[in-house]
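This report is for a reader who has not seen the structure before. It takes up a core, a sheet and a chain contact in turn.

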Amino acid sequence: MNGSMASGVLDLWAPQQEKESVEVNDRSYDERVCDVLIIGAGGAGLRAAIESHDRGAKTLVVCKSLLGKAHTVMAEGGIAAALGNVDPKDSWEVHFSDTIVEGQHLSNWRIVEIFAKEAIERVYELERYGAVFDRTPAGKISQRPFGAHTYRRLCNIGDRTGLELIRTLQDQVVARGVPFMDEVMTTCLFRDPKTGRAAGALGIDIKTGKLLLFRARAIIIATGGSGRVYQVTSNSYESTGDGIGMAYRAGAELMDMEMIQFHPTGMIYPPGVRGMLVTEAVRGEGGILTNSEGERFMSKYDPKRMELSARDVVARSIYTEKRAGRGSKGGGVYLDISHKGADHIKKKLPSMYDQFLAFADIDITKDKMEVAPTVHYQMGGIRVDPETAESSVKGLYAAGEVASGLHGANRLGGNSLSDILVFGKRAGDAAAKSATAVDLPSVDSKEVEKEISRVLSPFSSTGSANPFHIKEEIASNMWAHVGIVRNAVDLEAGLVEIERLRKDAKGLKAVGPRAYNQSWTDSLQVLDMLLICEAMIRSALERKESRGAHTRSDFPAKDPKWLVNIITVQEDGKMVRRTVPVSTPPQELQRLIKEDD
Amino acid sequence: METHASAQPDQRKTIRLRILRGTGERTSSPHYDTFEVPREEGMVVLNAVHYIQSHLDPSLSIRWNCKAGRCGSCSAEINGRPQLMCKTRVDSIEGEITIEPMQAFPRLKDLVTDVTANWKVAATIPPFTPKANAGDIYTFYQADVDRSREFRRCIECFLCMDVCHVIREHEADYMGPRWVVKAASLDMHPMDGLNRSKFMKDAGGLGYCNITKCCQEICPEHIVITDDAIIPEKERVVDRHYDPILWVYRRLKGGATAGETK
């Protein structure tokens, strides 16, 4: 830094102190104490942080990637909320009904009620935080149509809604001075040995490899889903389900783990980008799906809603067309928006235009896209209380994709962005309130030492298993055996393979120093991914019917006796399941539910 | 130097990559490793680097996340040009590919740099502050939206910071192009009521930018950083602080001073 030029106060770009290096077997850790610890900094984590901080709780956010890179950034089409700006007939009641019906009645009615009501205010609040939505001619927030939403309901920012959402919340968090630590991966949750309350977490500062012990009065998990357990997925590198794994290991109940959303339209070519999302907004804006015979095949499966049918229906239809030999050259189907004209496409779908041009040399204003289903979202996750987002472990909260109960057997497009705002806020509020009411829970140092040994074990491993290979094997196994259409034989085979990989994983080996060591952090992720796969497969075996995203070729019909949620929990070190009936909404809500067919 | 390459590779079937390795900013001497990776149709540089990490050297560190050009994590210098690894097609490059970390930021390991200083800058920028009469539900129009939309495309890859010679040479207290774009996005927000020109002039060090336009040439989101953000921000500073007629007018009126309302 040249002192003579120091006119300002930033002094930021001067060479920095060397970060301390950590020996591979170093067991020491730094301790951080706060009221509310938030793990994950996507939309849910950031919204929770704002709420918790504003309620006066000493809040700390930790996240695995850099701030602002969480998977929320990938959300494209919009955020669903019944503002009624374009279709005045829309209301929270219709949004409630759409969500319940398309979730195939597996959602928790109270969660859906809170969601549909509060989504509206959360959108206006996001605007007051600084988000700039597209407008109607009258200057209101614009709303576009999306699959299985009765009315035009998706408030959008071109096809970059998630980017605007996360950046807006990130700015709010930074402006408030809420402390955060990015590139920190948490590996384990601790509970107070006496009260059982969530008490802390162990983390790795990825940048240096240094260990961290977090202690908190309340903990919110907002780590997103686990789409990376699949080979073809729209999900980011970090979507490995760590939060679900940690919560399960800490004794929290999981729910609906068999429910995985396959987004109907992912890119299939070139191979390096297979699975990359093609937003539903392409169909929302009038995109047409055709098979190799040029037939607009959705007319056979859902003549009323056509391309804008529910995601599970469109994904299954594409699967069926491919199986019948009517797939496209590259093994998908065709999606065409070119009839809308170049100006409209570049304005409404700028990212899609760029994406196809950059990666596939396809100009979507002139040519058809080739698409096929890609793993997109996990409807199941940590079971939570509707009002507070608290899990079955006291003091442990969950919000966003990591939680369950809102989307049932199929998520509507746009509902995840409103989900993360509504329940991010609720979790932040409830966690801050409960944090003021309790003393700092204690963490058992023996537990911490045990976890440190587990975390460091890949460095002392005598095996030679490569975490990147095991991740690939997990992903191809899930794709082959736990896909859109499932059956007992495949699922059993998938389970056998997971058991085999679990044995291999005992030999996972970390190579190199502790700083930014992905062979180490990926090794730890592999262990939770295997747990999550097991929970998914066992739940899928259990549900002997077809409902929403869960289709069983050996049980093709929907069966009313399966109006239950499958709960997965660890008991005495074993994975066990039980079913609980879906609770029936009270009469005044029941009458709102309008079946389409 | 370690070489994972055979003597005479077939360039149609394989790609040769040279990667700058090393841990920490100064402790270990950086060196290049060379790798030979099978060529695949439509492959991007990130695919090739993943192949190395998975099959040739698991100790290679890379920062990546979305692999779709949306998150801005995998920034690097590819044959000297700051680019996203996930958006750079291998078939767009002739011959050997050299990959180095961004040089404006301290190296953590291999291709990964420490970009956290950016959050300190972000925290200094006066945040979005709605006009007094904004109300709870805003009314503004698509034309207003379109004016600031360009700046809101930023994915925070920090490639513009990397290419900025003011920042590279650590010479000045300049906030850097990413953060001028941020300020511009706030200044152009139809409901924002703040004037940031005093901040931009003083703390932001906007005067240090001498408009070489390198940043706008490499922006993967095609934000025209210099022309659309930096120059208008400089003009705002000039209007507010260096325009003699306005200066006299404001003195006489005793009106708002810089850094307050618009």
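Two residues are in contact if their C-beta atoms, placed from the backbone, lie within 7 Å. Leaving aside neighbours within four places in sequence, Ile220(A) is in contact with residues including Val36(A), Ile38(A), Tyr397(A) and Ala431(A).

This is a predicted model, in which local features need pLDDT of at least 70 and side-chain atom pairs count only at pLDDT 80 or more, while totals for chains, interfaces and linings use all residues. Residues are numbered from 1 along each chain as its sequence is written, and chains are lettered from A and ligands numbered from 1 in the order in which they are written.

The largest nonpolar core has 253 residues, and Ile220(A) is among those that touch the most other members. Such a core is a set of buried Ala, Val, Leu, Ile, Met, Phe, Trp, Tyr and Cys residues joined through C-beta atoms within 7 Å; buried means that 20 or more other C-beta atoms lie within 10 Å of a residue's own.

In chain A, 4 strands form an open antiparallel sheet in the order E11-E14-E13-E12. Strands (E, at least two residues) and helices (H or I, at least four) are DSSP runs, numbered from the N terminus, and two strands pair if DSSP finds at least two bridges between them. E11(A) and E14(A) pair over 6 bridges; His263(A) has Thr374(A) in E14(A) as its bridge partner.

Chain A brings 62 residues to the contact and chain B 64 residues. These helices of chain A each supply at least two residues of the side that touches chain B:

| Helix | Residues |
|---|---|
| H3(A) | 109–128 |
| H4(A) | 161–176 |
| H10(A) | 350–360 |
| H13(A) | 467–481 |
| H15(A) | 518–542 |

H4(A) gives the most to that side, with 4 residues.

Note on methods
A residue is buried if 20 or more other C-beta atoms lie within 10 Å of its own, exposed if 12 or fewer, and partly exposed in between; C-beta atoms are placed from the backbone.
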